[in-house]
Structure formats: C-alpha cells, structure tokens
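Please look over the sequence and the structure first, and then read the points grouped by topic below.

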Amino acid sequence: MSAEQTLSIIKPDGLQKNLIGEIYGRFEKAGLEIVAARMMHLTKEQAEGFYAVHKERPFYNDLVSYMTSGPVVVQVLQGEDAINNNREIMGATNPDDADLGTIRKDFAASIEENVVHGSDGPDTAAQEIAFFFGDDGICPRTR
Ligand code: ADP
Ligand code: MG
C-alpha cells in the first residue's frame with residue numbers, strides 16, 4: 001500500500017494531561033510523519049460540524065461540550081496504511097476494550113474522554129483533513 005494520510009486530534013484531556021510530546025513520539029516511532037499541525041480551541045459550531053455524523057447519538061451534546069472544553073492539537077499523519085496504523089496506535093474507543101500499549105489504554109479516562117481522534121476510513125480522512133487544513137494546509141516533506 002502506498003503512503004496515505006489521516007486526520008488526528010489530541011483532544012482537550014490529552015492537552016490537560018500534557019501528552020502532546022508523548023503522543024507525537026508514538027506516531028513518529030510507528031513511522032508516521034506529521035505533515036500538518038495546528039493548535040486551536042474549537043468553537044461549538046466547529047465541534048458540531050466535525051462530529052455531525054454523530055448528531056443523532058445520545059452522547060452528541062456531551063461530546064461537543066467535551067471537545068470545546070479546552071484547546072486541541074490537530075495534525076495530518078502520513079505513512080504506509082496511515083489510517084489503520086493510527087487507529088491501532090490509538091486503541092479501541094472504550095479504553096476498557098483497548099489493547100495494552102495503546103494511547104487510550106494508557107491514558108483515557110472513559111469512553112468519552114479518550115484523548116485522541118483518528119479518521120476511520122479514506123473518505124472520512126479526506127473530509128476531515130479538508131475540514132481543518134483546506135486545500136493548501138499540508139506541508140509535504142521535501143527532505
Ligand atoms: P472513535 O473516536 O473511536 O472513532 P466514535 O467515532 O464512535 O469513536 O465516537 C466519536 C467519539 O465520541 C469518541 O471518540 C468518544 O469521545 C465519543 N463517544 C463514542 N461513544 C460514546 C459513548 N457511548 N458515550 C460517550 N461518548 C462516546
Ligand atoms: Mg470515529
């Protein structure tokens with residue numbers, strides 16, 4: 001498989017726990033390159049838009065509150081099988097179900113406050129990257 005891109009977010013609890021470097025280190029050790037990055041405090045409208053797919057879920061309002069409770073760091077990860085690779089590094093949505101050594105097993109407090117987001121497929125990855133970085137926000141490695 002050729003190099004692929006995926007959208008990753010370190011969520012507000014991840015910043016509160018001071019885990020930016022720890023999480024970036026895990027991405028880099030797994031061979032993923034960070035080719036775009038920004039820190040931001042999501043507005044309610046941005047969080048609602050990003051998670052619109054979950055609008056009908058009972059946890060939607062709480063999810064929006066959580067995602068706007070503090071700043072986040074958003075990045076594009078690039079590498080072989082990046083989407084699945086990142087999902088493996090993250091672990092299962094519920095930390096109780098996550099494999100040992102994953103970010104969520106090691107750091108998540110609950111199924112809601114689970115430290116990281118990662119795109120779940122090629123279509124969502126493309127949409128989510130465009131949501132945060134538009135057409136020209138990526139910095140391809142030139143060396
Ligand atoms: P993932 O982030 O693993 O792709 P989902 O796309 O299903 O998981 O859900 C998006 C986010 O919504 C989760 O990461 C988590 O923060 C929150 N969430 C998911 N399921 C629940 C739930 N049952 N109760 C509370 N929050 C949830
Ligand atoms: Mg998801």
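## Ligand 1 and its surroundings

A polar side-chain atom of threonine 93 is placed 2.5 Å from an oxygen atom of ligand 1. This is a predicted model, and the distances and angles that follow are computed from it.

- The residues around ligand 1 are Lys11, Tyr51, His54, Phe59, Leu63, Arg87, Thr93, Arg104, Ile111, Glu112 and Asn114.

**The largest pocket**

- The largest pocket holds about 650 Å³ of space, and of the 25 residues that line it, those closest to its centre are Tyr51, Val53, His54, Leu63 and His117.
- Two or more lining residues come from each of helix 3, helix 5 (82-90), strand 4 (116-118) and helix 7, and helix 7 gives the most, with four residues.
- By residue type, the lining of the largest pocket divides into nine nonpolar, nine polar and seven charged residues.
- Tyr51, His54 and Leu63 are among the residues closest to the centre of the largest pocket, and these three are also among the residues around ligand 1.

**Aromatic pairs**

- Five aromatic pairs are found in a search of the whole structure; in one of them, the ring centres of phenylalanine 50 and phenylalanine 132 are 5.3 Å apart and the planes stand at 45°, so this pair is tilted.
- Phenylalanine 132 counts as buried because its relative accessibility is 6%, whereas phenylalanine 131, at 39% relative accessibility, counts as partly exposed.
- One aromatic cluster is formed by Phe50, Tyr51, Phe131 and Phe132.

**Serine 119 and its polar contacts**

- Serine 119 sits in the loop between strand 4 and helix 7, and because its relative accessibility is 0%, this residue counts as buried.
- The side chain of serine 119 makes a polar contact of 2.7 Å with the side chain of glutamate 128, and a polar atom of the serine 119 side chain lies 3.1 Å from the backbone nitrogen of leucine 7.

**Two residues with positive phi**

- Most residues other than glycine have a negative phi.
- Aspartate 81, although it is not a glycine, has a positive phi of about 50°; aspartate 81 is placed in the loop between strand 3 (72-80) and helix 5, and at 28% relative accessibility it counts as partly exposed.
- Valine 115, likewise a residue other than glycine, has a positive phi near 75°; its place is in the loop between helix 6 (103-107) and strand 4.
- Valine 115 counts as buried because its relative accessibility is 0%.

Key:
Residues are numbered from 1 along each chain as its sequence is written. Chains are lettered from A and ligands numbered from 1 in the order in which they are written. This is a predicted model: local features need pLDDT of at least 70, side-chain atom pairs count only at pLDDT 80 or more; totals for chains, interfaces and linings use all residues. Side-chain values use heavy atoms; hydrogens and water are left out. Rings of Phe, Tyr and Trp (its six-membered ring) pair if their centres lie within 6.5 Å; planes under 30 degrees apart count as stacked, over 60 as edge-to-face and the rest as tilted. Buried means under 20% relative accessible area, exposed over 50%, partly exposed in between (1.4 Å probe, protein chains only). On a 1 Å grid over the protein atoms alone, a cavity is a set of points where a 1.4 Å probe fits but cannot get out, and a pocket is an open set with protein on both sides within 12 Å along at least five of seven lines; lining residues have an atom within 4 Å of a point. Grid points are joined across faces, edges and corners, and a volume is the space filled by probe spheres set on the points. Ala, Val, Leu, Ile, Met, Phe, Trp, Tyr, Cys and Pro count as nonpolar, Asp, Glu, Lys and Arg as charged, and the others, Gly among them, as polar. A residue is near a molecule or strand if one of its heavy atoms lies within 4 Å of it. A polar contact is a pair of N or O atoms within 3.5 Å; within protein, one must be able to donate a hydrogen and the other to accept it, and residues adjacent in sequence count only if both atoms are side-chain atoms.
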